[in-house]
Amino acid sequence: MANSSDPVRPRRSASDMVRLVRATTAPLRQSLAVSLSVLGDSTQAAFARHFDSGYDPSASDGDRRRGEDGIAVRNLSLRYGETYAFEGLTGEFAPASLTAVIGPNGAGKSSLLKTLAGIVRPTTGEVVCTAVARHRLAYLPQQDELDRGFPITVAELVALGDWRNFGSVRGPPRHLVASVYEALAAVGLLAVMDRQIAELSVGQFQRALFARLLLQDADVILLDEPFASLDESTTDDLLRFLQRWQSEGRTVVTVLHDLDLVRRHFPSTLLLARSPVAWGETSLSLSADNLARAQKALVLPEGHRAGRAA
Amino acid sequence: MIGQFIGFMIGPFESFGFMRLALVACFALALANGPIGTLVLLRRESLSGNVLSHAVMPGAALGFLYAGYSLAALTLGGLLTGLAVAGLAALTARSRPQRQDSSLIAFYLVSLSFGVLIVAARGSQADLMHVLFGTVLAVDVTALVLIASISSLTMLTVAALYRPLAVESFDPAFLRAVGGGGGVFRAIFITLVALNLVASFQAFGTLLAMGPMLLPAAAARCWTHRVWPTIALATVIGMAAALAGLLISYYANLPSGPAIVIGAGVIYGMSLLAAGGMRLKPKSLEGQ
């Protein structure tokens, strides 16, 4: 009892402590998985439906569906209070397409991506994307939406991408270490794999998130400003992944603000200024006329409030 | 000398049953508060936790009004209003994403005022003090069983659902996209926080209940960057603060609840000074 009044003591043997905690909690941590296997099928199904619907190891061996998942939207709108983030969007991100979403600040690009990802419920209209129900959709938020202070190492962050193979309660599969190494090598982060994410530079952190996307192996990938404040070489490296994903038959939708980048690398473009201005082949969408219309659309009455919905 | 010291440490608990009960209750609370406090800190939800701790009060006060010092009534009432306010806060947060902190503070103040009005309507000044600051030394066996049950339930739940709880606090959009469930884990977590605040309510009252939950976790965060060690260390610090606080309150004849919270506060301060210097980058303070 006397020991417990000395707060510094546990630190001296911190690693022993961790080992002890690990050892004593291992049975607890496994207990749920074990009790799952003891329970009947229906109970298991109920548990999975409510708490662990992401556990789906069978999804790994299914390249057969790739190239079939696009995103279709019908009359899609999202309103925050009085202001529309975006409205009246109808069309399709074709299967295996690489689309840039571009537009002035406050045009509703990020809101659109969140709606496509199913994070925000649309005010009107619907999103049809079979990848969502199968959990084969990946969404990369803008960097400032993630808590960089969270105590997690780079390798742990990347390993999360393999969620469908361990879910909420099961132990990680054997191949996980190998695939994490592979993904880290692909983005060039092997050297910092044991660092805390708080210690990474902006570019390194984005590379780590791309490594997680690699493990996630999704059929539809939504990226919000993935190249914001990155240097040129990082942008080039990461851009290559986008092109590879498209060539593998995945549907990639990316919010961007760099017109040159879009013109050079993205086959199709959605020009958004709260309502869609143009959607189609990049060279046609980004005509001078369309760009001027997009600028003008947002300088109208509610322009000063639009920044909120960005 | 050493014998004397041990006598000093153990004597009060040897002689008095209520001191033993208080110590065991505080240890049980520390066991649950370690993981819960750490998760509250990681999720940067100290403010919501504070709101919850005050939201427990009107229900507990209503229970007190109709059933006197009935533990069941206090607990049930507190839990119900706590969860109701958590639900309301979630709804307001959804409709006005920008104004979350002010609406949370509104809930906090209104709940507290309601609670005070309800207690004042029937009880005495002493009752009010009891509800606001708790009475660790009045914990009886029934209350101890309740606290221990809540503590065990909390530890089992966190152990079983640790992974999604941690991931949901770091990157909820990711968890939702991979199908790990989104709102479910937030709801489970808030329920756990409310449960533990109800357990703390008896001992620390509505104003101090967050103390034993947050301060040890905050102190532990100064020493380590990993989650499991933070939880373990927070538990140990919570127990140490409880022991020290109870001893101080016994020898100096001070109220025990505040003494325990101050004990945790002193450990937090020492941790900040000793180890926190290098961790105090602006990044780690963002959003707190």
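Tutor: Start with "buried": a residue is buried if 20 or more other C-beta atoms lie within 10 Å of its own. Keep in mind that this is a predicted model.

Student: Which residues of H4(A) are buried?

Tutor: They are Lys109(A), Ser110(A), Ser111(A), Leu112(A), Leu113(A), Lys114(A), Thr115(A), Leu116(A) and Ala117(A).

Student: Why is helix H4 of chain A called largely enclosed?

Tutor: The helix covers residues 109-117, and nine of its nine residues are buried, so the rest of the structure largely encloses it. After H4(A) comes Gly118(A), with a positive phi near 85 degrees. For chain A as a whole, buried residues make up 39% of the 310 residues.

Student: What makes Leu184(A) buried or exposed?

Tutor: The count of neighbours decides. Leu184(A) has 23 other C-beta atoms within 10 Å, and the cut-off is 20 or more, so Leu184(A) is buried. This residue belongs to helix H7 of chain A. Setting aside residues up to four places away in sequence, Leu184(A) touches Val158(A), Leu189(A), Leu190(A), Met193(A) and Ala211(A).

Student: How is His54(B) classed, buried or exposed?

Tutor: His54(B) has 25 C-beta neighbours inside 10 Å. Against a cut-off of 20 or more, that count makes His54(B) buried. His54(B) sits in helix H3 of chain B, where 17 of the 22 residues are buried. Beyond its neighbours within four places in sequence, His54(B) is in contact with Tyr108(B), Ser111(B), Leu112(B) and Thr206(B). The C-alpha atoms of His54(B) and Leu197(B) are 9.2 Å apart, although 143 residues separate them along the chain.

Student: What is the angle between H7(A) and H8(A), and how far apart are their axes?

Tutor: H7(A), residues 176-187, and H8(A), residues 202-216, pack at about 135 degrees, with axes 9 Å apart. That angle makes H7(A) oblique to H8(A), because over 145 would be roughly antiparallel and 65 to 115 roughly perpendicular. The crossing is right-handed. On the H7(A) side, the residues that meet H8(A) include Leu184(A) and Val187(A).

Student: Why is H8(A) called roughly parallel to H9(A)?

Tutor: The axes of H8(A) and H9(A), residues 232-247, cross at roughly 10 degrees and come within 11 Å. Angles under 35 degrees count as roughly parallel, so H8(A) is roughly parallel to H9(A). The contact is made by Gly203(A), Gln206(A), Arg207(A) and Phe210(A) of H8(A) with Thr234(A), Leu238(A) and Phe241(A) of H9(A).

Student: Which residues touch the most other members of the largest nonpolar core?

Tutor: The core has 172 residues, and those touching the most other members are Val158(A), Ala211(A), Leu222(A), Cys26(B), Ala194(B) and Ile237(B). Take Ala194(B): leaving out residues up to four places away in sequence, it touches Leu52(B), Val56(B), Leu79(B), Gly82(B), Leu83(B) and Ala86(B).

Methods
Residues numbered from 1 in each chain as written. Chains lettered and ligands numbered in written order. Predicted model: local features only at pLDDT ≥ 70, side-chain atom pairs only at ≥ 80, totals over all residues. Buried ≥ 20, exposed ≤ 12 C-beta atoms within 10 Å, placed from the backbone. Helix = DSSP H or I, 4+ residues; strand = E, 2+ residues; numbered from the N terminus. Core = buried A, V, L, I, M, F, W, Y, C linked by C-beta atoms within 7 Å. Contact = placed C-beta atoms within 7 Å. Axes fitted to C-alpha atoms, helices over the stretch in contact; angles between N-to-C directions. Left-handed = near helix turned anticlockwise from the far one by under 90°.
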